[in-house]
Amino acid sequence: MGASQKDFENAMNQVKLLKEDPGNEVKLKLYALYKQATEGPCNTPKPGVFDLINKAKWEAWNALGSLPKETARQNYVDLVSGLSSSSDSSSQAKPEADRKQAEYETVVMTSEDGITKIMLNRPAKKNALTEQMYQEIMLALEAASKDDSTITVLTGNGDYYSSGNDLTNFTNIPPEGVEAKAKNSAILLRNFVGSFIDFPKPLVAVVNGPAVGISVTVLGLFDLVYATDRATFHTPFSHLGQTPEGCSSYTFPKIMGPAKAAEMLIFGKKLTAGEAYAQGLVTEVFPDSTFQKEVWTRLKAYSKLPQNALRISKQIIRSQEKEKLHAVNAKESSILQERWLSSECMNAIMNFFSQKAKL
Ligand SMILES: CCCC/C=C/CC(=O)SCCNC(=O)CCNC(=O)[C@H](O)C(C)(C)COP(=O)(O)OP(=O)(O)OC[C@H]1O[C@@H](n2cnc3c(N)ncnc32)[C@H](O)[C@@H]1OP(=O)(O)O
């Protein structure tokens, strides 16, 4: 079987994380395979003789002739996989746990007792999600989906679960301009949420403290949500000139009913852990003093259940919704792409940085 669209998207993400520049020749190959895989045979006029860079790109693409899209996709995935493993070759002699961790800077990934734990690890910034962190979470989920663990857990290090999107993501504008930034952010968002929609094993959120923004909205895609009684759940999208993501425009009304969902998603009402439990977003709330002990004891017991039965049961429940969720994710991401360019959103972000205004 050839590479899937998901494998292709993961390979595209991996390219951005390569530690060493692969050089122009390889970059041209990647470009050509990408164009062939997404658009088919070269279909644009040859750039002029002085347009050296675009001419080289065109020639690389054109050289692939009528190579089928599927083959180009597979070749792209294989090429990236070769690049990733050669840039990691120095760590290949290390034990598996070390090797895995070496790939991440913003999350800590560990596996024990049939449970893979992905811990957000920017406690000084309340685990705000940088672009690198989105990419690393996606890679960690991909690795967890293929490892031999039964259950995967997402949690935070420090006093917060996560304060949501790192607002500095919006201040780092590339030379191509704000429109390109918004477009790339929408692609990142869509891929990020897509990895939760498609995650094949039981996925558990261990909400160790307050949760904000996207760290709350994706909870509708988890199978269990355990929260400390110190946790709060806040989606201040309107305050930020933004709109819901993480499929929450669909999952929240289903989970808690349209009236309560509107209070959270439109008006930004912050819920306590008890309220989130009463509204069905949280599976169970534990006292903060015994939270970690109780939750991990529970999860260790669950991880001993037959692995395939758990996975297949999850898939039966979730598969009925998958197509709908992907469509919702695409729509939410494209609406946000426009919102991020609005003066309402830009002012809210400037306000955060100029006054360090708190939610
Ligand atoms: C590309 C995909 C995009 C997906 C879009 C998703 C939408 C969202 O997620 S919307 C939610 C965005 N999050 C926020 O608006 C939260 C902003 N932060 C705050 O309001 C407060 O920091 C807090 C209420 C979370 C915590 O307040 P507290 O007084 O306890 O701590 P601080 O001193 O403010 O925080 C410590 C440190 O961390 C920085 N920080 C915290 N959260 C963020 C963040 N989301 N983005 C950037 N920076 C953040 C904060 O500025 C402090 O930094 P300094 O120590 O350098 O001052």
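At what angle do the axes of helix α1 and helix α6 cross? I looked this up in a predicted model, where local features need pLDDT of at least 70, side-chain atom pairs count only at pLDDT 80 or more, and totals for chains, interfaces and linings use all residues. Residues are numbered from 1 along each chain as its sequence is written, and side-chain values use heavy atoms, leaving out hydrogens and water.

**Entry: the helix pair**

I found that the axes of α1 (residues 5-16) and α6 (residues 131-146) come within 10 Å and cross at roughly 135°. I therefore noted the two helices as oblique to each other, a word for angles that are not under 35 degrees (roughly parallel), over 145 (roughly antiparallel) or 65 to 115 (roughly perpendicular). I then listed the contact (heavy atoms within 4.5 Å), which is made by Lys6, Asn10, Asn13, Gln14 and Lys16 of α1 and Gln135, Met138, Leu139 and Glu142 of α6. These residues divide into 2 nonpolar, 4 polar and 3 charged.

**Entry: aromatic rings**

I recorded 9 aromatic pairs in the structure, a pair being rings of Phe, Tyr or Trp (its six-membered ring) with centres within 6.5 Å, stacked if the planes are under 30 degrees apart, edge-to-face if over 60 and tilted otherwise. Phenylalanine 8 and tyrosine 76 have ring centres 5.1 Å apart and planes at 75°, so I wrote this pair down as edge-to-face. Because phenylalanine 8 lies in α1 and tyrosine 76 in helix α4 (residues 69-87), the pair ties together parts that are 68 residues apart in sequence. Both phenylalanine 8 and tyrosine 76 are buried, meaning under 20% relative accessible area with a 1.4 Å probe and protein chains only.

Note on methods. Axes fitted to C-alpha atoms, helices over the stretch in contact; angles between N-to-C directions. Helix = DSSP H or I, 4+ residues; strand = E, 2+ residues; numbered from the N terminus. Nonpolar A, V, L, I, M, F, W, Y, C, P; charged D, E, K, R; others polar. Buried < 20%, exposed > 50% of the residue type's maximum accessible area, 1.4 Å probe, protein only.
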